Amino acid sequence: MSSQPADRGDRYVRVGAIVFALGAVSTLVTFVPLFFDLTPLPTAAYWLSMLMPLGFLLALVGMLSSARSQRRRAAATD
């Protein structure tokens, strides 16, 4: 466990992971009717699948932000 406070980037990574998981679940749910010859879901369900790349992007931005802040802290101590 780190003694450093949580950065804004860490929060972005956590939120990004949650959004990615929601997008992954919605992707699975939208593809199930296609495999079992059921009626397809409405278009809004397919748009929810776009949460997966959005969550990936949020996590990536959080990781880059966290790395920048760690680099700044390291430079400030030197």
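This is a predicted model: local features need pLDDT of at least 70, side-chain atom pairs count only at pLDDT 80 or more; totals for chains, interfaces and linings use all residues.
What covers the buried residues of α3? The cover includes α1, which spans residues 8-35.

**The helices α1 and α3**

The buried residues of α3 are G55, A59, G62, S66 and S69. In α1, the buried residues are G9, G16, V19, G23, S26, T27, T30 and P33. The cover over these buried positions of α1 includes α2 and α3.

Helix α3 has 27 residues and extends 39 Å from its first C-alpha to its last, close to the expected 39 Å. Just after α1, D37 adopts a positive phi of about 55°.

T30 belongs to helix α1. Its relative accessible area is 1%, and T30 is therefore buried, the limit being under 20%. A polar atom of the T30 side chain lies 2.9 Å from the backbone oxygen of T27. Apart from neighbours within four places in sequence, T30 is in contact with L41, A45, Y46 and S49.

S49 lies in the loop between α2 (43-48) and α3 (51-77). Its relative accessibility is 13%, so S49 also counts as buried. When residues up to four places away in sequence are not counted, S49 touches G23, S26, T27 and T30. G23, S26, T27 and T30 are included in the buried residues of α1.

Side chains of opposite charge can pair when their charged atoms come close. The model contains 1 salt bridge. It joins the side chains of R73 and D7, with an N to O distance of 3.3 Å. The pair links distant parts of the chain, since R73 is in helix α3 and D7 is in the segment before α1, 66 residues apart. R73 is partly exposed at 33% relative accessibility, whereas D7 is buried, with a relative accessible area of 14%.

The C-alpha atoms of S65 and D10 are separated by 8.4 Å, although the two residues are 55 residues apart along the chain. S65 counts as partly exposed at 23% relative accessibility.

The accessibility values of the residues discussed here are set out below.

| Residue | Relative accessibility | Class |
|---|---|---|
| T30 | 1% | buried |
| S49 | 13% | buried |
| D7 | 14% | buried |
| S65 | 23% | partly exposed |
| R73 | 33% | partly exposed |

Which residues make the nonpolar surface patch? The patch, of about 970 Å², is made by V25, V29, F31, V32, L34, F35, F36, L38, L41 and Y46. Helix α1 provides the largest share of the patch, 6 residues. V25, one of the residues of the patch, has its place in helix α1. L41 and Y46 also belong to the patch, and both are in contact with the buried T30.

Conventions
Residues are numbered from 1 along each chain as its sequence is written. Side-chain values use heavy atoms; hydrogens and water are left out. Helices (H or I, at least four residues) and strands (E, at least two) are DSSP runs, numbered from the N terminus. Buried means under 20% relative accessible area, exposed over 50%, partly exposed in between (1.4 Å probe, protein chains only). Contact means heavy atoms within 4.5 Å. The expected span of a helix is 1.5 Å times one less than its number of residues. Patches are made of residues with over 30% relative accessible area and no salt bridge: like charges are joined within 9 Å, nonpolar side chains (Val, Leu, Ile, Met, Phe, Trp, Tyr) within 5 Å. Accessible areas come from the Shrake-Rupley method with a 1.4 Å probe; for residues, only the protein chains shown count as cover. A salt bridge is a side-chain nitrogen of Lys or Arg within 4 Å of a carboxyl oxygen of Asp or Glu. A polar contact is a pair of N or O atoms within 3.5 Å; within protein, one must be able to donate a hydrogen and the other to accept it, and residues adjacent in sequence count only if both atoms are side-chain atoms.
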